[in-house]
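Hi,

Here is the structure I promised to pass on. Have a look at it first, and then read my notes below.

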Amino acid sequence: AIDIAGLRRQTGYVTLDPSFMNTAACYSQITFVDGERGILRYRGIPIEELVRKTMFVEVAYLLVHGELPSEEQRRNFSTMLNLNSMLHEDMRHFFDHFPRGAHPMHILSTMINALAAFYPNVDLKSMEDDIDVSTARLISIVRTMAAFAYKKSIGEPVVYPRHDLSYCANFLNMMFDSPVRPYQIHPEAVRILNILFILHADHEQNCSTTAVRAIGSAQVNLYATISAGISALSGPLHGGANQAVIEMLQMIHADGDVKKFIRLAKDRNNPFRLMGFGHRVYKTYDPRAAIIKKECDAYLERIHYKDPLLDVAREVEEAALTDPYFVERNLYPNVDFYTGILYRALGIPENMFTVMFALARLPGWVAHWKEMIGGETKIVRPRQIYIGKTPAETAGVMESR
Ligand code: ACO
């Protein structure tokens with residue numbers, strides 16, 4: 001048993017909240033989440049409206065600058081994105097030296113960190129002065145890096161960004177255009193990608209954003225800070241879940257027995273969890289998942305794309321939502337549950353799913369970094385409660401040495 005009184009004598013009074021289940025670490029004006037009622041707003045605007053009426057680039061501007069852009073601001077922002085979309089030629093050679101089959105998330109976090117070496121005005125003061133350029137560079141160049149990483153992985157020549165295309169259309173073109181197979185950009189595919197990116201753009205103090213704020217609080221440069229966010233996002237309990245969901249649905253599809261996997265997910269002695277289910281904050285249906293599910297059904301029908309994994313996903317959802325285990329614990333589909341099925345329909349390979357999440361989350365990370373450095377934030381430095389050995393327990397250990 002832990003001697004609480006003794007610990008208090010040694011440490012003084014500190015709050016113990018492992019994994020920050022119930023601790024607010026900052027004030028923020030960026031994103032509002034109501035996990036009980038399933039509400040998500042960016043800068044006060046409900047995501048449902050943003051999805052209906054805006055493009056991802058406008059939402060990126062909204063998150064970073066606090067307001068939706070005017071027509072002129074949008075044009076200027078797009079120009080900045082275009083001007084900063086090219087990768088330094090020397091960085092392009094990096095791709096030749098990653099092993100074939102390397103996960104694109106590992107490549108991405110490394111490449112982002114390396115930006116500091118190529119754009120060296122990265123101390124906090126220069127970054128603050130130059131924040132619009134650094135932001136535009138990050139949002140734009142990550143898209144180029146992601147598409148280049150994919151092209152390298154399939155052994156095709158890279159496709160350079162085009163200034164005449166919107167953010168999402170440009171990305172799809174860089175991914176899928178090739179000298180032997182010219183890519184036809186479909187407005188509907190662009191619309192779907194916009195929706196997915198908008199819905200992933202921010203989610204207050206999630207694991208990767210917390211990493212960004214904690215690391216940024218040491219006044220680390222913006223690129224290294226974002227690279228840490230990307231690393232945090234890659235975990236299967238966070239952004240990596242979208243890939244893990246598809247792998248799980250494939251496994252269930254091959255096996256054919258949905259109920260067996262529901263049983264496994266409920267078994268506390270088995271590490272298997274229903275990927276894409278559950279959320280630290282939402283205790284009701286994730287509002288992002290609700291939109292994505294609707295778009296998924298409609299888009300697959302519209303393009304006459306039959307994905308057996310959609311049927312499996314529906315079956316899993318129905319079985320879970322009528323099972324007391326999931327009902328009692330308020331476990332509903334989260335943003336990742338139907339996302340991968342849409343990405344598959346767009347032709348995005350599974351190992352790129354989490355990269356897609358990273359592209360979309362970039363404006364959110366930058367907005368939090370900007371808010372943090374603009375505030376009164378001190379370096380993040382939690383306390384601990386030491387429960388290791390005491391001097392009495394180690395007495396004599398050093399004498400025999
Ligand atoms: N399948 C089965 N049981 C689950 C699941 C699940 N997906 N999620 C939670 N539970 C159970 C837990 O075992 C626990 O049960 P217990 O009270 O009997 O011990 C209870 O529900 C509460 O779960 P916690 O793990 O304590 O919840 P926490 O808030 O720590 O974790 C998380 C949230 C990580 C999202 C969790 O629900 C999970 O692992 N889900 C699957 C992975 C996933 O989809 N991640 C993406 C999240 S969204 C995002 O990051 C973009």
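In which sense do β2 and β3 pair, and over how many bridges? The two strands are antiparallel, and two bridges join them. (Two strands pair if DSSP finds at least two bridges between them; strands are DSSP runs of E with at least two residues, helices are runs of H or I with at least four, and both are numbered from the N terminus.)

Before going on, some ground rules. This is a predicted model, where local features need pLDDT of at least 70, side-chain atom pairs count only at pLDDT 80 or more, and totals for chains, interfaces and linings use all residues. Residues are numbered from 1 along each chain as its sequence is written.

**The sheet**

Three strands make an open antiparallel sheet, ordered β1-β2-β3. β1 (31-34) and β3 (45-46) are at the edges with a single partner strand each, so one side of each has no neighbour in the sheet. β1 and β2 (residues 39-42) are held by four bridges. Across them, Phe-32 has Arg-41 as its bridge partner, and Val-33 sits opposite Leu-40. On the other side of the pairing, Tyr-42 is opposite Ile-45 in β3.

The turns are worth a look too. Four residues lie between the strands in the β1 and β2 hairpin, where Gly-38 has a positive phi near 70°. The β2 and β3 hairpin has two residues between its strands, and there Arg-43 has a positive phi near 50°.

**The annotated site**

An unreviewed UniProt entry marks His-279 and Asp-336 as "active site"; such annotations may be inferred rather than shown by experiment, and the positions are given in the numbering used here, with feature names shortened.

His-279 is in the loop between α14 (258-266) and α15 (287-302), while Asp-336 belongs to helix α18 (residues 336-346). Are they buried or exposed? His-279 counts as buried because it has 22 C-beta neighbours inside 10 Å, and Asp-336 counts as buried with 29. (Buried means 20 or more other C-beta atoms within 10 Å of a residue's own, exposed means 12 or fewer, and partly exposed is in between; C-beta atoms are placed from the backbone.)

Leaving out residues up to four places away in sequence, Asp-336 touches Ala-241, Asn-242, Val-245 and Gly-276. (Contact means C-beta atoms, placed from the backbone, within 7 Å.)

Note on methods: Contact = placed C-beta atoms within 7 Å.
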